[in-house]
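Dear colleague,

I am passing the structure below on to you, and my notes on what was found in it follow directly after it. Please read them with the structure open beside you.

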Amino acid sequence: MSALNLIQQYSSDSDEDDQKCNEGKDLRTNMKNNKVLKLPLPESIISWKGVVHNEEVIDDPSKHEGRIRSFKHERGNWATLVYIDYMPNEDLIHWLENVILQTIGKGNFFEELHVSLTRTLILKYHWIDSFVEAVKNVATTHQSFIMELSDIKVYCNEDKSRTFMGVTVDSANNSLKVLSQILDKQLIAYRLPTFYEDASHHLSFCWFLGNQIETLETFLPIIKKSFYEFLINCPEQRFSHISKVNCKIGNKLYSWNLK
């Protein structure tokens, strides 16, 4: 390489070094003056579309017949219930609907009937696996039993937002009470509320908004009389064999056969 070329290359390198040096001085000067140089965002990032994270769920009673959630919906909380399914035949369904419409004139009927063994619980996500295993152990070690329809009673939920008409049930060897008590021991381990102290196991078949206990109890004598007559005319409806326990957690359903 000729001496002239070496001089030109040196001159070019020196100019680049001077430019970088000047840029560094400008950056330090701006930083001293509390001026932060902002680099433009790449177009690929500007075009990104964000998604709502942990969106709050607002309860709208108008979307579910005026009902109000008993607890706030929160991410990580799962509504949980342990219960026994009850499948009424057409004769009982017909009586349940007609006796309400003929006496009270209106009512909201449940499509599915069940007997609760726990309250509606709020379960944390990381508890689910161990909780399901605990309930499974309770169910699979308990004997199947006979359940009997016994009476009609009016109930109201804890926040007085809904009132229910229900059929009370009894069980051989007090199995319903025993199951709830065993499940209570599991709930205590999770610091969850146990079943009601004066628990009355029942099948809620109809509900009304608000606290309607006083009003509905005025109809009880007529409804009870009709109920007793129904059991006399359809004695096969009085008893049913209970062989399964269910647990619903969010939209997941678990079911186990009793021993």
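N173 is placed in the loop between strand 6 and helix 5 (175-189), where helices (H or I, at least four residues) and strands (E, at least two) are DSSP runs numbered from the N terminus. N173 has a positive phi of about 60 degrees although it is not a glycine, and with a relative accessibility of 73% it counts as exposed; here buried means under 20% relative accessible area, exposed over 50%, and partly exposed in between, for a 1.4 Å probe and protein chains only. N174 lies in the loop between strand 6 and helix 5 and, although not a glycine, has a positive phi of about 55 degrees, while its relative accessible area of 42% makes it partly exposed.

Please keep in mind that this is a predicted model, in which local features need pLDDT of at least 70 and side-chain atom pairs count only at pLDDT 80 or more, whereas totals for chains, interfaces and linings use all residues. Residues are numbered from 1 along each chain as its sequence is written, and side-chain values use heavy atoms, with hydrogens and water left out.

Strand 6 covers residues 162-171 and includes R162, which is buried at a relative accessible area of 17%. The C-alpha atoms of R162 and G210 are separated by 4.6 Å, with the two residues 48 apart along the chain.

The salt bridges come to a count of four, a salt bridge being a side-chain nitrogen of Lys or Arg within 4 Å of a carboxyl oxygen of Asp or Glu. One of them joins the side chains of R119 and E158 at 2.9 Å, N to O, and this pair links distant parts of the chain, 39 residues apart, with R119 in the loop between strand 3 (113-116) and strand 4 (121-124) and E158 in the loop between strand 5 (145-156) and strand 6. R119 counts as buried at 18% relative accessibility, whereas E158 is exposed at 62%.

Another salt bridge is formed by R238 and E148, whose closest N and O atoms are 3.3 Å apart. R238 lies in the loop between helix 7 (220-233) and strand 8 (239-242) and E148 in strand 5, so the pair ties together parts that are 90 residues apart in sequence.

The side chains of D151 and K224 also meet in a salt bridge, at 3.6 Å, N to O, and here D151 in strand 5 is linked with K224 in helix 7, 73 residues apart.
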